[in-house]
Amino acid sequence: MSFEDIPVDIGVVYEGERVRGKDMFVELGGPTMEKKYELALARSMDEIEDEKITIIGPDLKDMKEGSYHPLGIFIEVAGKEVEPDLEGVIERRIHEYVNFVEGMMHLNQRYDIWIRLSKKSFEKGFNSLEYLGKVLIRLFKSEMNIIEKIQVTFITDPEEVAKQYDEAINRYNERDARARGLSDAEVDTFYGCSLCQSFAPTHVCTITPQRYANCGAISWFDGRAAARVDPKGPLYAIAKGDTIDEFRGEYTGVNQAYTEKSLGKVNSVALYSAFEKPHTSCGCFEAIAFVIPEVDGLGIVHRDFKGETVNGLPFSSLADSTAGGRQVPGFHGISIEYMRSPKFLQVDGGWDRVVWIPEAIRDRVQDYIPEDIRTRIATEKDAMTISDLKNFLKEKSHPVADRWIELEEEDEIELPMEGSGDYVSVPGEFSAMVGGVGGGLEIIFKNAKIYAEKVIIRKTGKGDTKK
Amino acid sequence: MRERLVISVSGKGGVGKTTTTALLTRIVTEKSKRSLLVVDADPVLNLPRALGVEVPDTVGSIATRLRKSIDDGAISGSVAKQDVLEGEIFEALIEGEQFDFLAMGRTEGEGCYCFVNRLLTQILDRLSQNYEITLLDMSAGLEHLSRRTNRNVDILIIVVDASRAAYEAALRIRDLAKEVHIEFKKIVVIGNRFPAGMEEDLQNKLAQEGLDLIGMIPNDDELAKANYQGEPLIELSRNSPAVLAVELIAEKLGLLSDTTLLKLLGKGS
């Protein structure tokens, strides 16, 4: 590929070059222009005249030094494999390729584009958008083989820019709606993030189209962008590998990434469960899904929630049980955006398993909670104690309440007892020595309040003596 | 291509970091044609006044807004945040005739900023590569060192005044820089507002610690008055003692001529 007919250099070295205000010849788009956009469109083969460049409105050489202009860029492409789904990817390359031009700066995307041309490059002879069109066409064709035909249109006439603006906005909205609907099954690459490993050495964040990072800051699209810029950095691509269980979110590639990045501490993860092999939790999670065993449901609390939750513990205490890069069943760090995912905790029953949530969070994710359950989940206004919560859930016939009846019946058969249910029974064999008595036993706490900084129950071999 | 240079000004609170930065800015813009980016990395934001610039937006408030729009689900799903952030920061950049200015400010709220901070570091690194000189006015604390926001700094200037605390802070800054493996090409000390005649003593003391005293900024009534009135220090008269002193320092640091600079960095002959 040759750029000999272009008056300025073209190359990767110019990426990241900024044209400062006092060095610029013109600004196209940018904060002073209300309407500007760039749009890639997939067309059919016969709709495109290959390598045609159209300029509607004043060209660079017609512009005054130091002036500002609106701008619209249309990149129309065709090819057997070119689909509308690729428009976003193609469009993002405009940013990259314009930045390859010496003395040209391109920032932002879509309806926010901001382009500057330096005085130096203008003086070197880069005085027409025709040149930019040629550069784009050559780079697109050589870097993306699927593009068989391409035509480029630049609009600088304010009225023309305004005319096509709404159509561009509609396109972006359609594309965003598609992106929200992007599912794990449709991609073959997930992204991993180890930014938090300094706090939680065995934590590996897995970012998929349907599972945002725990911190709520990194989408699958962010992962893709970051891994491309810096593939050896803390955000990296994870080949999905084989699907072990789509519903549970188990993939060989994810498990392998866990084994490698957690140095063997975590080897198997079900992305969509808070109980079974849950995704690890760093310290940065925006919210916690925590088990409330008394009602067999999950409570949710977010970082900004002040004071205690329904079980008497504030966010900070729950966070201590959750954080550190471990897999703790029933203590699960999550992001707010994950609550908007159709796969949100789906192994555990999804929203049907959620029994308590702060109002502020509920309002934020309201539209993503299935309508029939929305009013049956308690907030801090409805219940602040477990017994109030029980009553609320029973009254609203929350799905978890159905599960209790089964459990309560079982309880009565298995554990007939005096008084009410105010004890916790710990069944099972204890081979450890307790108070000098060995063998099978049952520990019963009656009306007990227990506080412990840490309880360690360790399995010891037979004949071990206390040291 | 010319040498790109990142200079960071550190020291205990109140020793005169902002004054030093403002006066260096003045001298560099007046005496050289080099492109200069000045960054106020101290959330207190004193530097804008000293330079006489208005700050409509800070990097911190941009990051806070981004964080909020993420939480509200308001951000477009298929646009990468690094691209959004890069444009917004360029918008917050104040483009002056003589130098460009960026205020870091601070982030608010409790959410996690790991990712956002990482993006910021990359964006700022990239931005500063467009300038021959980047001058950073750091905050008084040492967190910025342990957070390694200083990692691409070539010259670390530590400002001390005539107090034991400032001196000890200087040594701590030096040690911490070593501990967190920030490799400055050069660490120098500036003495500010010392009584006359103390230069040699300070120089010897610092030399024993392996630190270079690169210059002294004397007490200056005009400067003190401007500070009191809140007037821009960049407008002090040309022959004010502080301005003259900083000019000498800038010369020694090689900010005004290439040869001294290369010598300082150990590259020239």
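**Exercise 1. Strand β14 of chain A**

Determine how far strand β14 (residues 287-292) of chain A is enclosed in this predicted model, and which strands pair with β14(A).

Solution. 
- Step 1: Count the buried residues, taking a residue as buried if 20 or more other C-beta atoms lie within 10 Å of its own. In β14(A), 5 of the 6 residues are buried, so the strand is largely enclosed by the rest of the structure.
- Step 2: Find the partner strands. Strand β15 (residues 297-302) of chain A pairs with β14(A) in the antiparallel sense, over 6 bridges. Strand β16 (residues 331-334) of chain A also runs antiparallel to β14(A), joined by 4 bridges.
- Step 3: Inspect the connection. β14(A) and β15(A) form a hairpin with 4 residues between them. In the turn, Asp296(A) has a positive phi of about 55°.

**Exercise 2. Packing of α1 and α3 in chain A**

Describe how helix α1 (residues 87-99) and helix α3 (residues 129-143) of chain A pack.

Solution. 
- Step 1: Two packed helices are described by the angle between their axes and the distance between the axes. For α1(A) and α3(A), the angle is about 120° and the axes are 10 Å apart.
- Step 2: Classify the angle. Roughly perpendicular covers 65 to 115 degrees and roughly antiparallel begins over 145; α1(A) and α3(A) are therefore oblique to each other. The crossing of α1(A) past α3(A) is right-handed.
- Step 3: List the contact residues. From α1(A) come Arg93(A), Ile94(A), Tyr97(A) and Val98(A). They meet Leu132(A), Val135(A), Leu136(A), Leu139(A) and Phe140(A) of α3(A).
- Step 4: Sort this contact by class: 8 residues are nonpolar, none is polar and 1 is charged.

**Exercise 3. The sheet of chain B**

Give the strand order of the 8-stranded open sheet in chain B and examine its edges.

Solution. 
- Step 1: The order is β3-β4-β2-β5-β1-β6-β7-β8, with mixed pairing.
- Step 2: The edge strands are β3 (94-95) and β8 (212-217) of chain B, each pairing on one side only.
- Step 3: Glu95(B) has Asp100(B) in β4(B) as its bridge partner.

**Exercise 4. The interface**

Characterise the side of chain A that touches chain B.

Solution. 
- Step 1: Contacts involve 37 residues of chain A and 30 residues of chain B.
- Step 2: The elements of chain A giving two or more residues to this side are α4 (158-180) and α5 (220-229).
- Step 3: By class, this side of chain A has 14 nonpolar, 7 polar and 16 charged residues.

Definitions and conventions. Residues numbered from 1 in each chain as written. Chains lettered and ligands numbered in written order. Predicted model: local features only at pLDDT ≥ 70, side-chain atom pairs only at ≥ 80, totals over all residues. Contact = placed C-beta atoms within 7 Å. Nonpolar A, V, L, I, M, F, W, Y, C, P; charged D, E, K, R; others polar. Axes fitted to C-alpha atoms, helices over the stretch in contact; angles between N-to-C directions. Parallel < 35°, antiparallel > 145°, perpendicular 65-115°, else oblique. Left-handed = near helix turned anticlockwise from the far one by under 90°. Pairing = 2+ DSSP bridges. Buried ≥ 20, exposed ≤ 12 C-beta atoms within 10 Å, placed from the backbone.
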